[in-house]
Amino acid sequence: AAEAANPKSGFDFDPESGLTLRFGDGRKAAKLILDGRIHADYAQYSGDGATLNDGFLLRRARPALALDLGDWKIKGEYEFSPRSKGIRQAWVDYSGFKRTSLRLGNQPTSFGFESSGSSNGNPFMERSVASVLAPGIMLGLTMRKWDDRWNVTLGAHTNDISDDEQR
């Protein structure tokens, strides 16, 4: 059972976490993770008097690369979409303190329930209009502390890496 929980060096693929290249054995083994997402839509209409056009839309593609070194984690994510293109996430995270992590870089802000979740788990195609009020991804420093029944996040942020002043 211990071997199954701590796989040896090599490749592993999981649809939830991506393609992982593991270096070393045990819980503290270094991992290089190739991840990302593609969100696309296709619609085909038929019927009498339909004025809608068939079509395909690539809403977003976000390749990501992460390095997990135990207490240290590094992630970079790039976005290709019709409305934006560029670095989405680029951060370094340290979690060597008990139930505490520090993250520096371009990262999602902890602001609101809907905006803090992954777009992979949305019940609808897109988030609600109210989520426009959330800051989204910004450049800054975040400290997160948690226990079994609570968590608190403190952060100081500025515009994102692309210095998008439309927020």
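This is a predicted model: local features need pLDDT of at least 70, side-chain atom pairs count only at pLDDT 80 or more; totals for chains, interfaces and linings use all residues.
Modeller: Residues are numbered from 1 along each chain as its sequence is written, and side-chain values use heavy atoms, with hydrogens and water left out.

Biologist: How many salt bridges does a search of the whole structure find?

Modeller: Side chains of opposite charge can pair when their charged atoms come close. A salt bridge here is a side-chain nitrogen of Lys or Arg within 4 Å of a carboxyl oxygen of Asp or Glu. For the whole structure, the search gives a count of nine.

Biologist: Is D68 buried or exposed?

Modeller: D68 lies in strand 4, residues 55-69, where strands (E, at least two residues) and helices (H or I, at least four) are DSSP runs numbered from the N terminus. Buried means under 20% relative accessible area, exposed over 50%, and partly exposed in between, with a 1.4 Å probe and protein chains only. Because its relative accessibility is 14%, D68 counts as buried.

Biologist: Which residue forms a salt bridge with D68?

Modeller: Leaving aside neighbours within four places in sequence, D68 is in contact (heavy atoms within 4.5 Å) with A29, A30, K31 and K73. The closest N and O atoms of the bridge are 3.8 Å apart, and the partner of D68 is K73.

Biologist: What is the N to O distance in the salt bridge between R88 and E77?

Modeller: R88 and E77 meet through their side chains in a salt bridge. The pair links distant parts of the chain, with R88 in strand 6 (residues 85-97) and E77 in strand 5 (residues 72-80), 11 residues apart. R88 is partly exposed at 23%, whereas E77 is buried at 4% relative accessible area. The N to O distance between R88 and E77 is 3.7 Å.

Biologist: Which residues are linked with R88 in a network of salt bridges?

Modeller: R88 also meets E79 in a salt bridge, at 3.9 Å from N to O, and E79 counts as buried at 8% relative accessibility. The residues linked with R88 in the network are R62, E77 and E79.

Biologist: How far apart in space are P135 and D160, C-alpha to C-alpha?

Modeller: P135 sits in the loop between helix 2 (113-116) and strand 8 (137-146), and is partly exposed, with a relative accessible area of 22%. P135 and D160 are 25 residues apart in sequence, and their C-alpha to C-alpha distance is 9.9 Å.
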